[in-house]
Amino acid sequence: MQGEWVRSLLGAIENGEWLLIAVTLFVAALSGFSSIARYMVNRRKVQVANIEEAWRSKYCDGESQEALRRQAAAEYFNLATGIRLEKEPREALMAIYNRAAGRMPFVHFKRAARLARYEKDKLDIHISCLDWFLLWVGLLFGGSMSVIGIPLILLFIAIVEDPWSRVLGAGYMIVSAVVLLLQALPIWSAYRVKREIARQAACC
């Protein structure tokens with residue numbers, strides 16, 4: 001599989017297919033990232049197992065045992081859903097999701113979790129001015145680059161003569177569009193969850 005990938009890349013270089021080269025390198029970078037992500041997940045599983053072993057140990061009791069139990073529950077939930085929150089805000093967020101009754105996909109709650117604030121027994125989603133700025137930058141520039149990205153890349157390739165400059169330039173455009181859109185997604189999800197919290201509060 002790896003040999004086929006290398007042969008395809010070399011063939012694209014020989015034929016001067018610079019757009020294909022940029023896309024291939026981008027996909028290769030994502031594949032490497034997924035391998036790192038799998039390693040981190042396995043590492044966290046070992047950590048959770050160690051926490052659970054310590055929690056069940058006869059040498060651990062009282063407040064220490066309760067703290068380890070809460071930590072194990074938080075780590076298990078994080079492994080299953082990708083949401084890292086303490087018990088109280090986690091339960092509050094899941095209660096809002098359950099009351100939404102399918103109106104919003106779970107992924108929005110997962111993305112919005114990093115902006116969750118839990119104060120005075122109430123959950124709120126805090127979206128700062130910087131978050132709003134990043135949202136609009138991501139939607140406007142990332143979205144526009146996604147729409148007109150291919151013509152821009154083809155124009156860049158036609159203008160620039162150096163092969164590696166073509167590859168780096170095209171790759172930079174692709175990565176920039178993806179990064180801008182990805183940074184906007186959690187904020188958009190947080191906005192939707194915040195509206196859902198307000199809707200449920202108004203209904204009560």
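Modeller: Let us begin with a cluster: Tyr97, Phe106 and Phe109 are linked by ring pairs. The model is a predicted one, in which local features need pLDDT of at least 70 and side-chain atom pairs count only at pLDDT 80 or more, while totals for chains, interfaces and linings use all residues. Residues are numbered from 1 along each chain as its sequence is written, and side-chain values use heavy atoms, without hydrogens and water.

Colleague: What describes a pair of aromatic rings?

Modeller: The distance of the centres and the angle of the planes describe such a pair. Rings of Phe, Tyr and Trp (its six-membered ring) pair if their centres lie within 6.5 Å; planes under 30 degrees apart are stacked, over 60 edge-to-face, and the rest tilted. This rule gives 4 aromatic pairs. One of them joins tyrosine 97 and phenylalanine 109, edge-to-face, at 5.3 Å centre to centre with 75° between the planes.

Colleague: Where do tyrosine 97 and phenylalanine 109 lie?

Modeller: Tyrosine 97 is in helix H4 (residues 87-100) and phenylalanine 109 in helix H5 (residues 106-112), so the pair ties together parts 12 residues apart in sequence. Helices here are DSSP runs (H or I, at least four residues), numbered from the N terminus.

Colleague: Is phenylalanine 109 buried or exposed?

Modeller: Phenylalanine 109 is buried, at 0% relative accessibility. Buried means under 20% relative accessible area, exposed over 50%, and partly exposed in between (1.4 Å probe, protein chains only). Tyrosine 97, at 27%, is partly exposed.

Conventions:
Helix = DSSP H or I, 4+ residues; strand = E, 2+ residues; numbered from the N terminus.
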